[in-house]
Amino acid sequence: MIKISKKAAFIFMIIMCMIFVISFREINWDNIKEGKAIFKEISSSIAPFILTIIFFIFYMKRIKEEKGK
Amino acid sequence: MNIVNSKVDNKLNLPDAALELAELSSKEILSLSLKNKWMTLEDVTLTKSFLSDFKNNGIDLAILNFEKRVLEMNLSKEEFSKKNLFINTVMVMKYKNPNAFYKDFETNKNLLSKSSAEDEGILGCVLASIVLVGATIALGSCVTLFLCGLALFSWGYSFNNWMNKCVGQHSVM
């Protein structure tokens with residue numbers, strides 16, 4: 001199991017967040033508005049979004065651990 | 001040619017050099033056309049810009065930009081009439097069958113707009129690779145069942161995305 005540091009978790013969180021925002025430009029918002037192929041349009045944004053949450057949780061855990069010591 | 005002529009009852013005739021092109025790949029046709037001066041690099045750039053405009057902004061803007069570029073080029077009468085013939089043909093096709101130009105552009109962006117993997121190119125592949133690395137790290141460092149489930153889910157998605165962007169249209173989902 002890999003144990004990532006607080007700093008690494010923070011950097012990964014920022015990177016994933018940036019990629020999540022960049023992935024927005026691929027989305028055809030007209031299709032979303034019309035309710036067509038929503039899943040297909042957002043598919044490339046799902047992974048970076050979930051990973052942002054995961055690394056945020058990792059980061060918060062590290063902070064909690066630091067405070068607990 | 002004989003088959004075509006017999007079908008449409010015509011006497012269409014093409015030079016041998018043009019018929020030989022049918023056996024070549026698109027890249028070979030382009031290089032041969034440039035070599036034989038059938039078209040210039042300017043023509044290639046102009047056509048690429050037209051296609052790019054068409055994919056990203058729609059046919060109307062593509063036609064407008066094409067006309068603007070051609071006027072800026074200060075071409076000879078002969079060259080100008082060639083470009084004029086091309087854009088007039090496009091406009092006639094658009095007039096005859098507008099759905100072919102608008103319907104696909106609106107409803108299926110992938111057809112005429114960015115063909116995900118191609119237009120995104122290296123940047124798309126790099127970003128997909130970073131996400132895949134991130135997902136692998138998240139999968140390797142998760143502790144709780146919930147986080148491992150999320151990490152596995154995102155790994156699946158990022159792998160699928162990576163396959164699309166870097167390998168081609170080999171989506172597994």
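In the structure, A:Phe55 touches A:Ala9, A:Phe12, A:Met13, A:Met16 and B:Ala138, leaving aside residues up to four places away in sequence. Contact here requires that the C-beta atoms of two residues, placed from the backbone, lie within 7 Å. The model is a predicted one: local features need pLDDT of at least 70, side-chain atom pairs count only at pLDDT 80 or more, and totals for chains, interfaces and linings use all residues. Residues are numbered from 1 along each chain as its sequence is written, while chains are lettered from A and ligands numbered from 1 in the order in which they are written.

A:Phe55 also belongs to the residues with the most contacts inside the largest nonpolar core. H9(B) gives the largest share, eight residues. A nonpolar core is a set of buried Ala, Val, Leu, Ile, Met, Phe, Trp, Tyr and Cys residues joined through C-beta atoms within 7 Å. A residue is buried if 20 or more other C-beta atoms lie within 10 Å of its own, exposed if 12 or fewer, and partly exposed in between, with C-beta atoms placed from the backbone. In soluble globular proteins, nonpolar side chains tend to be buried together.

The two chains meet through 22 residues of chain A and 19 residues of chain B. On the side of chain A that touches chain B, H1, H2 and H3 of chain A each supply at least two residues. H3(A) provides the largest share, ten residues. By class, this side of chain A has 17 nonpolar, three polar and two charged residues. Ala, Val, Leu, Ile, Met, Phe, Trp, Tyr, Cys and Pro count as nonpolar, Asp, Glu, Lys and Arg as charged, and the others, Gly among them, as polar. The model scores ipTM 0.86 and pTM 0.51.

Chain A has three helices and zero strands. Its pattern along the sequence is α-α-α. Helices (H or I, at least four residues) and strands (E, at least two) are DSSP runs, numbered from the N terminus. Of the 69 residues in chain A, 23% are buried. Among contacts in chain A with a separation of 6 or more, 69% join residues 24 or more positions apart. The mean pLDDT of chain A is 86, and 100% of the residues score at least 70. The pLDDT is the predictor's confidence in each residue, from 0 to 100. Among the elements of chain A, helix H1 (residues 6–23) has the highest mean pLDDT (92) and helix H2 (residues 29–34) the lowest (77).

Chain B has ten helices and zero strands. Buried residues account for 16% of its 173 residues. Of the contacts in chain B with a separation of 6 or more, 39% are between residues 24 or more positions apart. Chain B averages a pLDDT of 79, with 86% of the residues at 70 or above. Helix H8 (residues 109–112) of chain B has the lowest mean pLDDT (46) among the elements of the chain, and H5(B) the highest (88). The pLDDT is below 50 over residues 109–119 of chain B. This stretch has 20 contacts in the model beyond near neighbours in sequence.

Within chain B, the axes of helix H5 (residues 59–72) and helix H6 (residues 77–96) come within 11 Å and cross at roughly 170°. Axes are lines fitted to C-alpha atoms, for helices over the stretch in contact, and angles run from 0 to 180 degrees between N-to-C directions. H5(B) and H6(B) are therefore roughly antiparallel to each other. Angles under 35 degrees count as roughly parallel, over 145 as roughly antiparallel, 65 to 115 as roughly perpendicular and the rest as oblique. From H5(B), B:Ile59, B:Ile63, B:Phe66, B:Glu67 and B:Val70 meet B:Phe80, B:Lys83, B:Ile87, B:Val90, B:Met91 and B:Lys94 of H6(B). The residues of this contact divide into eight nonpolar, no polar and three charged.

B:Asn74 lies in the loop between H5 and H6 of chain B. B:Asn74 is not a glycine, yet has a positive phi of about 50°. B:Asn74 is exposed, with 8 other C-beta atoms within 10 Å.
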